[in-house]
Amino acid sequence: MIANQPRYSKEEFARRGDEMYERVVRPQLNDSDKGKFVALDIETGEYEIDSKDISASHRLRMRLPNAQVWLLRVGYGAAYHFGFLPPRQTR
């Protein structure tokens, strides 16, 4: 599989991805989807959900080889984090 070249600036890519996620994908999600990855084509609104990021992305690319893929993690601000995160304190 050959990687696609981005057709948008980083800012436009993120704007389109976030907007389409909120409008198209988020209304379809339920509590059991928290923590799963969403691979979303920012041009068509087509998406795949899976507990593994590579599986969601692969299935989307199989259907749409030229997809401009925006990857999110349901219920989190980012798909990944780097570095140490201290444990959350519960009250």
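Where does Asp33 lie in the chain? Asp33 is found in the loop between α1 (10–25) and β1 (37–41). The structure is a predicted model, in which local features need pLDDT of at least 70 and side-chain atom pairs count only at pLDDT 80 or more, while totals for chains, interfaces and linings use all residues. Residues are numbered from 1 along each chain as its sequence is written, and side-chain values use heavy atoms, with hydrogens and water left out.

**Overall architecture**

- The protein chain contains 2 helices and 3 strands; helices (H or I, at least four residues) and strands (E, at least two) are DSSP runs, numbered from the N terminus.
- Read from the N terminus, the elements follow the order α-β-β-α-β.
- The protein chain has 91 residues, of which 29% are buried; buried means under 20% relative accessible area, exposed over 50%, and partly exposed in between (1.4 Å probe, protein chains only).
- Of the contacts in the protein chain between residues at least 6 apart in sequence, 48% join residues at least 24 apart; a contact means heavy atoms within 4.5 Å.

**Asp33 and its surroundings**

- Asp33 is buried, its relative accessible area being 9%.
- Leaving aside residues up to four places away in sequence, Asp33 touches Ile49 and Val74.
- Under the same exclusion of residues up to four places away in sequence, Val74 touches Tyr21, Leu29, Asp33, Lys34, Gly35, Lys36 and Val38.

**The nonpolar core**

- In soluble globular proteins, nonpolar side chains tend to be buried together.
- The largest nonpolar core here has 8 residues, namely Met20, Tyr21, Val25, Leu29, Val38, Leu40, Leu72 and Val74; such a core is a set of buried Ala, Val, Leu, Ile, Met, Phe, Trp, Tyr and Cys residues joined through side-chain atoms within 4.5 Å.
- Two or more residues of this core come from each of α1 and β1, and α1 gives the most, with 3 residues.

**Salt bridges**

- Side chains of opposite charge can pair when their charged atoms come close.
- The count of salt bridges is 10, where a salt bridge is a side-chain nitrogen of Lys or Arg within 4 Å of a carboxyl oxygen of Asp or Glu.
- Glu22 and Arg26 meet through their side chains in a salt bridge of 3.0 Å, N to O. Glu22 is partly exposed at a relative accessible area of 42%, and Arg26 is likewise partly exposed at 48%.
- Glu46 and Arg63 form a salt bridge whose closest N and O atoms are 2.7 Å apart. Glu46 lies in the loop between β1 and β2 (47–50) and Arg63 in helix α2 (residues 53–63), so this pair ties together parts that are 17 residues apart in sequence.
- Arg63 also forms a salt bridge with Glu48, with 2.9 Å between the closest N and O atoms. This pair links distant parts of the chain, since Arg63 is in helix α2 and Glu48 in strand β2, 15 residues apart.
- Glu46 is partly exposed at 35% relative accessibility, Arg63 is partly exposed at 40%, and Glu48 counts as buried at 15%.
- A network of salt bridges links Glu46, Glu48, Asp50, Arg59 and Arg63.
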